[in-house]
Every structure is written in C-alpha cells, then in structure tokens.
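Please read the following report with the sequence and the model open beside it. It goes from a few side chains to the chain as a whole.

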Amino acid sequence: MTDQLSPDRQALLAQRLRRPGAADRPGAAPARPPIPRRTEADPPLSYPQERLWFMEQYAPGTAAYTIPLVRRLRGPLDPEAVRGAVRVLTDRHEALRTSFPATADGRPAAVVAASAEPVLRVAEAADEPAA
C-alpha cells in the first residue's frame, strides 16, 4: 500500500515510524501518552452527563442513546490483539473508564477508574451464514 504514496509521503511516513515507541508496534505511529489529570478529585458531571444519568434512572437499560456500529471482518482475527487495542484505548481515554454511581444523597458522581479491563466475547462460527 505504501507503494501508492509519493516519494515525499513515503519519506514522511518513514520519519514518523522512526519516532520513539514506534518499533514496538510495527506499522503504527506511536501513541501519545495520556494527558495527566489536573486534580486527583473526580470531575463534576457536565449537563449532558447529568441528563443521560437522569434518563437512565427514569428508564433503566434502554438503548435510546446507543449508536450501534457493525463492521464485517474477513480473515483471521487475533482476539488478544483486539483486546490489547481496546485496553490501550480505554487507558488513553478516561471517558471510557468513567462511571456515574449515585452518592449517599442520591446525586450522581463521576468516578474515573484508574484502569479498566475490556470485556471481549469471542464466538466461533462454522461458516459465514452461521455467523
């Protein structure tokens, strides 16, 4: 695929891949480190977060705010590689590690977990129609 790039773009890609950390992920640019939190306290809820929390209390378990996305992958898949990619993603984005439990007075609080282990369910199918 890189043979379709101009020589200038090939040189730029090679330069970016030589950055520190790129060697441990062949073919990928190095990830930026997570942005450090300004305080150790959990952040307050934004108005949209409060609205979503309220709607979940009002009608628990609905998927009204879920946007489904399906991708078809063909060929072999390495579940551990996918799990590792999702782990890096959740480590990098604290929004994916944030939960909103109710406090003793019933109000929501944003609690950011230090880490989160992604759950990846793997299902085998005999062929494409069975999948």
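In this predicted model, the structure holds 1 aromatic pair. The rings of Phe54 and Tyr58 are stacked, because their centres are 6.2 Å apart and their planes meet at 15 degrees, and planes under 30 degrees apart count as stacked. In general, a pair of aromatic rings is described by the distance of the centres and the angle of the planes. Phe54 and Tyr58 both belong to helix 2, which covers residues 47-58. The two are 4 residues apart in that helix, so about one helical turn separates them. How exposed is each residue of the pair? Phe54 has a relative accessibility of 48%, so Phe54 counts as partly exposed. Tyr58 has 65%, so Tyr58 counts as exposed; the cut-off for exposed is over 50%.

The next topic is charged side chains. How many salt bridges does the structure contain? The count comes to 2 salt bridges. They are set out below.

| Salt bridge | N to O distance |
|---|---|
| Glu80 and Arg83 | 2.5 Å |
| Glu117 and Arg87 | 2.7 Å |

Glu80 and Arg83 both lie in helix 3, and because they are 3 residues apart there, about one helical turn separates them. Arg83 has a relative accessible area of 16% and is therefore buried, since buried means under 20%.

Glu117 and Arg87 also form a salt bridge. Glu117 has a relative accessible area of 53%, so Glu117 is exposed. For Arg87 the value is 28%, so Arg87 is partly exposed.

Helix 3 covers residues 79-92, and Thr90 is found in this helix. Is Thr90 buried or exposed? Thr90 counts as buried, because its relative accessibility is 9%. The side chain of Thr90 reaches the backbone oxygen of Arg87 at a distance of 3.0 Å. Which residues does Thr90 contact, leaving aside its neighbours within four places in sequence? They are Leu96, Arg97 and Ala116.

Leu5 sits in the segment before helix 1 (7-17). With a relative accessibility of 32%, Leu5 counts as partly exposed, because that class lies between the buried limit of 20% and the exposed limit of 50%.

Last comes the chain as a whole. The protein chain has 3 helices and 2 strands. Along the sequence these elements follow the pattern α-α-α-β-β. The chain has 131 residues, of which 8% count as buried; Thr90 and Arg83 are among the buried residues. The chain exposes about 11,600 Å², and carbon and sulfur atoms supply 58% of that area. Among the contacts with a separation of 6 or more, 43% are made by residues 24 or more positions apart.

Terms used. Residues numbered from 1 in each chain as written. Predicted model: local features only at pLDDT ≥ 70, side-chain atom pairs only at ≥ 80, totals over all residues. Heavy atoms only, no water. Buried < 20%, exposed > 50% of the residue type's maximum accessible area, 1.4 Å probe, protein only. Phe/Tyr/Trp six-rings, centres within 6.5 Å; stacked < 30°, edge-to-face > 60°. Contact = heavy atoms within 4.5 Å. Areas by Shrake-Rupley, 256 points an atom, 1.4 Å probe, with all protein chains shown as cover. Polar contact = N/O pair within 3.5 Å; in protein donor to acceptor, adjacent residues only side chain to side chain. Salt bridge = Lys/Arg side-chain N within 4 Å of Asp/Glu carboxyl O.
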